[in-house]
Amino acid sequence: MFEFLTKIFGTKSDREVKKLQPVVDEINEIYETLHDTPDEELVQRTQEFRAELEEAAEQVREEYGDELDYEELEEEIHQAQQPILDGHMKEAFAMVKETCRRLVGESWKISGQEIEWNMIPYDVQIVGGIILHQGKIAEMKTGEGKTLAATMPIYLNALTGRGVHLVTVNDYLARRDAEWMGKIYEHLGLTVGYIQNEMNPQQRKEVYDKDIIYGTNNEFGFDYLRDNMAIRKEDQVHRGYHYAIVDEVDSVLIDEARTPLIISGVVEQDQEDKFSDIRPLVERLMRKQRQLVSQLVSDAKKLLDEDEEYEAGIQLLRASRGLPKHRQVMKMFEEPSLQKLARRVENDFMRDKNMQEIDDELYFSIDEKSNVIDLTEKGREAISPEDPEMFVIPDLGEELSKLEEEDLSDQEKLERREEIHREHSERSERIHNITQLLRAYTLFEKDVEYVVQEGKVMIVDEFTGRVMPGRRFSDGLHQALEAKERVQVERETQTLASITLQNFFRLYGKLSGMTGTAATEAGEFKEIYELDVTVIPTNEPVIRDDREDKIYKTLREKYNSVIEDIVESNNKGQPVLVGTVSVEVSEKLSRMLKRTGITHNVLNAKHHKSEAEVVRRAGQKGAVTIATNMAGRGTDIKLGEGVVDVGGLHIIGTERHEARRIDLQLKGRAGRQGDPGSSQFYLSLEDDLMRLFSPERVMKVMDRLGLEEGEVIQHRMITKSIERAQEKVEARNFSIRKHLLEYDDVMNQQREVIYSRRNHALRGENLREEIMNMIEDYVDGFIERYTSVSDYPEEWDWEAIRRELISVLTIDLTLDDFETFDIEQMRERIVTRAKEAYAQKEELVPDEVLRQIERFIYLRIIDDAWKDHLYEMDQLKEGINLRAYGQKDPLIEYKKAGLDMFMELLDRINKQTLQTLFRAQITREEEQRDGFRPEMKTKITGIQHEETAGMGFQGVPAEQQAAQQAGGQGQGGKIEPRTVEDEPGRNDPCWCGSGKKYKKCHGR
C-alpha cells in the first residue's frame, strides 16, 4: 500500500525537490545576468555581503554586551546572520555558478597533477547546494558531483567570516578538494586552506584563520581536544564551530562514530612481561579447545549416523560456541539442515535459560553475535591447575573489615591493607589480561580486523578497508594482539581527553552532510543529529543492471564463480571492480587471478599508497581492480574509450556487508552520469552474515533444494530476505552506537562545564570574582561537613576545623574567634577573614602578575583533576553493567554515580585552587642599589604544565616562566614544603595574614 501511494504522490524527497525547482530557476536567471559583470564587481559584492553580516554581528554585541557569556553571544550572532544569508542565497549561488563558467578551460595543479577545469553546476547540484545550506543531508549518487555542489553553500556561509569546515574522510581528499575548489573561492575574494596530519600548531592556526577550511573529522576533533588542554589562549587553533559540511556523512557520522576520539598519555607501567607470561597459558588452552571441538564434531557425526538428531544438535551447538570458525565446524554447517538443527537447539536452551549446560563442557564459550568470550570453570582449572586461587578475587570490603578486627599495630595494619589492595589489583588484572588474550586469539583475525606492518599491529577500518594509523584498541586488547603476533607490546595508555564524534559534531551551530547512501540510515541521522535526509535525483537516469545475488554452499564454489565472472568480462574488454570485505579475501582472489594470467591491481590496507590513481584507472578497457570495501571513495571512476560499447564498468561483490550502505556504495561506482554498468553479488552459506544472521526462510529454501556441488541459487525472494537480515544487523549496530552516546552524554555535560571553566580562564578574563565565589562555595561545603555531625557546637571537631582552615585558607580561627555559634555568622566570619587574607596578598604583587598566576594555577589543577576523573569514570563504566544482576538499570546507576563523582571533582578543584593560591609565598625584594626599581618575585613550589607526547604542545615561553613558578599540589599529592626567600623573625607578623606574630602562628 505504501509503495502504491509513493508511486502516485512521490516520496518526501521528491516533493521537497519539486518545491525547490522555482528557486533553482531564479538562480539560473540571475546567473544569466552575470556573464558581463567584471571580476572586480563580483569581489566587491562579496565584500558588501560580508559588511552587512558583520554589521548584524556588531549590533548583537552592542545589544547584549556583558549579559551573555562567549558561547551564548556566538549563538545569538549565528541566529541574527542566518536570515541575511537566506536572503542572499540566490545571488551567491549564481555568483559561484558564474565563476565556474569563467574557469572553464583553465588549468592548475591539484595534488601535484595539472587538471583542466570543465565543470559548471547542473540544476540537481544547485538543489543539493540548497539542501546543504538548509542544514540537511543531501543524498547524491556517486558521480553526481557532490564536491562541486558543496561550493555554493560553503561560499555563502563563509561570508560571515566565522569559518566554514568541509569534513572529508582522509588527508588526500582534504588537500585535493581545497586545491581543486579553492580557485572558485579565491576568485570571489575568500581565503581557503586545508589541515594535514603533519602540521604543527602554528600552521594549523594559520589555516583555521581562513574563511574556508578542508580537513578530516579526526583532525578537527583532535584539535578541539587539544584546544581544551592548552595552557595559553594563543595555543588554541580553532576559532569556533559555526557551519560544517560532512562529506561521506554516513561514513563519518555512522561508521566512525562507534569509536570516540581519545587523547591519551602513557601509563608508567610496562605490560609486556605480563602478556608474555600469560601467552603460553592461553595458547595451551587454545590447543585443548581445538582438540575438544574436533571431538565434539566427531561425536555429532556418530549421533547423526545413529539417528540421534537432537543430541547431535547439542554437540554441534557446543562446538560452534567453542570455536565457530573451526574448519570442521564450518564444513558441517555447509549443510543448511544442520545449521537449522543447531539453531533449534540453541533456541530451546535459551528459552529454558540453560545455556550454561552447553558452555560448561567447554574451556571457554564464544558468542560471535555480541563479540563476547567467557572462560568456564573447566577453562580456569586447565589454565592454572597448580594455583586454584589464581581466579579468586578477594572481596575488598570483607577483607578490610576482618583486618580492623585483628590485633595489629597501626603500621602493620597499613602494610596489610596495601597488600590486600595489591593482591586484588593483580588478580583482577591477570583475569582481564587472560580474557583479552583469548579475544585476540579467537575473535580477531590477522588481515581482517588488523594487519601487521613494520613490527606494529595496525587496525583495519572494517568499512573502508584502510589502516588507521595511531588508532589502538582500548582496554588492553591492542597489547593482547601485539603479544599474540609477538611484536613489541606498547605501554598501556590513560585517557587525558575524549569525545565521541556525535557530541563533537553537535557543537556546530549548523551541520549538513552529503553522501551517495544516507536514506537507509535516515532514522539514526534524525534521532542522533536532528538531520533530515533528502534524496536528490540523478542528472541522468541510472541504467545500471543490478542482478540478483548468486548464493553457493561453500566459499570455494563462490570464489571459483567470481573468477569465472572476471575472466568472462575481461575477455570482452569490460573493466571489473571487485569489492571484498577483508584484506585476506582480496589477497586470496589475487592469487587465484594470477593463475589465470589476468593483470590486475589490488587495493587494501597493505597496498593503499596509490589508491586514488589506481581507482581512477579502474574504468579503462580490460582493467581489473580488487578493492577492500570502499577504497578510493572520493575518486570518480571514468570510463575509458570503447568501454561503453562492452557494457560499462562491471561491479562484483564477494560478500554482503552488514550495512546495506556499503553494498550500495560499491554498486554506485558503476553507472555514473547515465553510463552503462552492471553489478553482481556472490554469497555463500559460509559468509559471516549468512552464517550468523540469515533468515530461517533462506535456510529452508536451501535445504529443500538440496544443492549439489557448484549449484547456485538466484532468486529475488532470497535477495530480499538477506536485505532484511542486514536491516536487523543495522538496527543492532545503531543500538550499540546509541548506547555509547548515552554514556558519553553523561560525560559530555561534565566536559562542557570543565571546558567552559578552562576557556573562561584562557580568554584572559579576570578570575578574581571566580576565586571569591570559590571561597564562598568552599566555606559552605566546609561548614556543612563539620557541623552536620551534631546539633551541639561543643561536639564539633574544632581542632580539625582549625587545621583545615590553616591548611587551605591560611587563616587561624579558634573557638574564641566566634562570638556565637550561629552557622550563618560563622560562615560570614570565615569568608570575611579569607577575603581579607587574599587582599593582603594582592597588595604584594602587581595585579597583572597575580591574574596570570591565578590563571596558570587554575588551569593546572583543572587538568590534573580532570585527568584523574576521566580515569575514575572509565573504571566506573567498565564495572557498571554488573549492577544489572541486582535488577538496576546500569545507565541510571552510571548517571547517579557519575554525578556524585563530578560534584566531588568540582569541590576538589575549588579546594586545591584555593589551597595553592593562599599558600603561595609572595615576597617583595627591594634592591637597595641606585638605578634599580623594586622587583616582584613570586615562588610557589611544584607546578608546571607537563608536556604530553604527540599532542603538539611546545615548551613554555620564557616570558611565562615567572608565572609558572607558581604552583600547588597535584591530585592526591601531599603538601610540599614551601620555599621562601627569607625566614620571618619570631616576632614578625605571620606571612599567612592572620594578624598574629609568626611565633604564635606558623612559627610554632
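Trainee: With which residue does D663 form a salt bridge?

Mentor: This is a predicted model, in which local features need pLDDT of at least 70, side-chain atom pairs count only at pLDDT 80 or more, and totals for chains, interfaces and linings use all residues. Residues are numbered from 1 along each chain as its sequence is written, and side-chain values use heavy atoms, with hydrogens and water left out. A salt bridge is a side-chain nitrogen of Lys or Arg within 4 Å of a carboxyl oxygen of Asp or Glu. The closest N and O atoms are 3.3 Å apart, and the partner of D663 is R656.

Trainee: Are D663 and R656 buried or exposed?

Mentor: Buried means under 20% relative accessible area, exposed over 50%, and partly exposed in between, using a 1.4 Å probe and protein chains only. By that rule D663 and R656 are both buried.

Trainee: How many residues apart are D863 and R758?

Mentor: The side chains of D863 and R758 meet in a salt bridge of 2.8 Å, N to O. This pair links distant parts of the chain, with D863 in helix 33 and R758 in helix 29, and their separation is 105 residues. Helices here are DSSP runs of H or I with at least four residues, and strands are runs of E with at least two, numbered from the N terminus.

Trainee: Which residues are linked with R768 and E842 in a network of salt bridges?

Mentor: E842 forms a salt bridge with R768, the closest N and O atoms being 2.6 Å apart. That pair joins helix 32, which holds E842, to helix 30, which holds R768. E842 counts as buried at 17% relative accessibility, whereas R768 is partly exposed at 29%. The network also takes in D847, R851 and E854.

Trainee: What distance separates the C-alpha atoms of T654 and G579?

Mentor: T654 sits in the loop between strand 21 and helix 26, and T654 is buried, with a relative accessible area of 1%. Leaving aside neighbours within four places in sequence, T654 is in contact (heavy atoms within 4.5 Å) with several residues, including K558, G579 and D687. T654 and G579 are 75 residues apart along the chain, yet their C-alpha atoms are separated by 6.2 Å.
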